[in-house]
Amino acid sequence: MNWFHVSLFFHLIGVGMIFTLLLAGPIIEANFRWENDIRMKQHAAKMLRSVGLLSPFGALVLILSGIGNMVFLHITVGNLFGSAAWLGLKLLVFIVLLAIGMVISPKTARQRAMLLDQMNQINPPEDAGEKMESLNSKQTLFFLANWILVVVIVLLTLFKP
Ligand code: HEM
């Protein structure tokens with residue numbers, strides 16, 4: 001065992017963290033949708049947001065160990081545009097994944113939390129149901145996009161085209 005193995009070990013831990021999120025997200029989301037009681041919905045939405053907090057840590061572990069892997073494999077930044085173009089592409093896809101997971105998706109989560117608060121009041125907005133449907137569809141799209149992007153990342157790593 002050498003330092004490269006240590007770096008790979010942490011990289012795979014990071015991969016595990018990301019897959020935990022990819023699986024837990026839709027399961028909690030399903031609970032959120034099935035629940036009719038607003039308070040229970042709020043609880044599920046809160047759980048989804050807390051689980052989402054794992055994503056910055058997973059991302060950090062992946063970035064640090066990924067850089068470690070690059071160092072041990074002597075891959076330079078210049079190589080990302082040439083002999084290691086697969087890794088350049090992987091990083092590009094990873095950045096899109098980060099943008100969805102840490103900026104776009106949390107924004108929808110906040111909008112949903114605000115809407116739930118309004119629905120919990122005595123006079124809920126008339127179009128609350130429609131708004132919720134639209135936010136739910138956005139969330140479904142994010143889950144789908146996240147899965148596709150991570151699968152693309154794993155395939156790029158495996159086949160290094
Ligand atoms: C969702 C994000 C990521 C996933 C799912 C992922 C997945 C993987 C997997 C499964 C491996 C194979 C490990 C092995 O060969 O045993 C790997 C290797 C590697 N990853 Fe990542 N990774 C991600 C992000 C990153 C990032 C951000 C970087 C760079 C900063 C990076 C750089 C590397 C490098 C250099 C290797 C070694 C490739 C080789 O063996 O030739 N990865 N990654």
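Biologist: Which residues are closest to the ligand in this predicted model?
Modeller: The closest are Leu 62, Gly 66, Asn 69, Met 70 and Thr 157. In total, 19 residues surround the ligand. Each has its C-beta atom, placed from the backbone, within 6 Å of the ligand.

Biologist: Which helix gives the most to that shell?
Modeller: H3 does, with six residues. Helices H1, H3, H4 and H5 each supply at least two.

Biologist: What makes up the shell by class?
Modeller: It has 15 nonpolar residues, four polar ones and no charged ones. Gly 66 is among the closest, and Gly counts as polar.

Biologist: Why is H1 called roughly antiparallel to H5?
Modeller: Their axes cross at roughly 160°. Angles over 145 degrees count as roughly antiparallel. Therefore H1 is roughly antiparallel to H5. The two axes come within 11 Å, and the crossing is left-handed.

Biologist: Which residues of H1 and H5 meet?
Modeller: On H1, they include Ile 18, Leu 22 and Arg 33. On H5, they include Phe 143, Trp 147 and Val 150. The residues of this contact divide into six nonpolar, four polar and two charged.

Biologist: How do you know how H1 runs relative to H2?
Modeller: Look at the angle. The axes cross at roughly 170° and come within 9 Å. The cut-off is over 145 degrees, so H1 is roughly antiparallel to H2.

Biologist: What classes of residue make up the contact of H1 with H2?
Modeller: Nine are nonpolar, two polar and two charged. Among the residues that meet are Leu 21 and Ile 28 in H1, and Leu 48 and Val 51 in H2.

Notes:
Residues are numbered from 1 along each chain as its sequence is written. This is a predicted model: local features need pLDDT of at least 70, side-chain atom pairs count only at pLDDT 80 or more; totals for chains, interfaces and linings use all residues. Helices (H or I, at least four residues) and strands (E, at least two) are DSSP runs, numbered from the N terminus. Axes are lines fitted to C-alpha atoms, for helices over the stretch in contact, and angles run from 0 to 180 degrees between N-to-C directions. Angles under 35 degrees count as roughly parallel, over 145 as roughly antiparallel, 65 to 115 as roughly perpendicular and the rest as oblique. A crossing is left-handed if the near helix is turned anticlockwise from the far one by less than a right angle, and right-handed if clockwise. Two residues are in contact if their C-beta atoms, placed from the backbone, lie within 7 Å.
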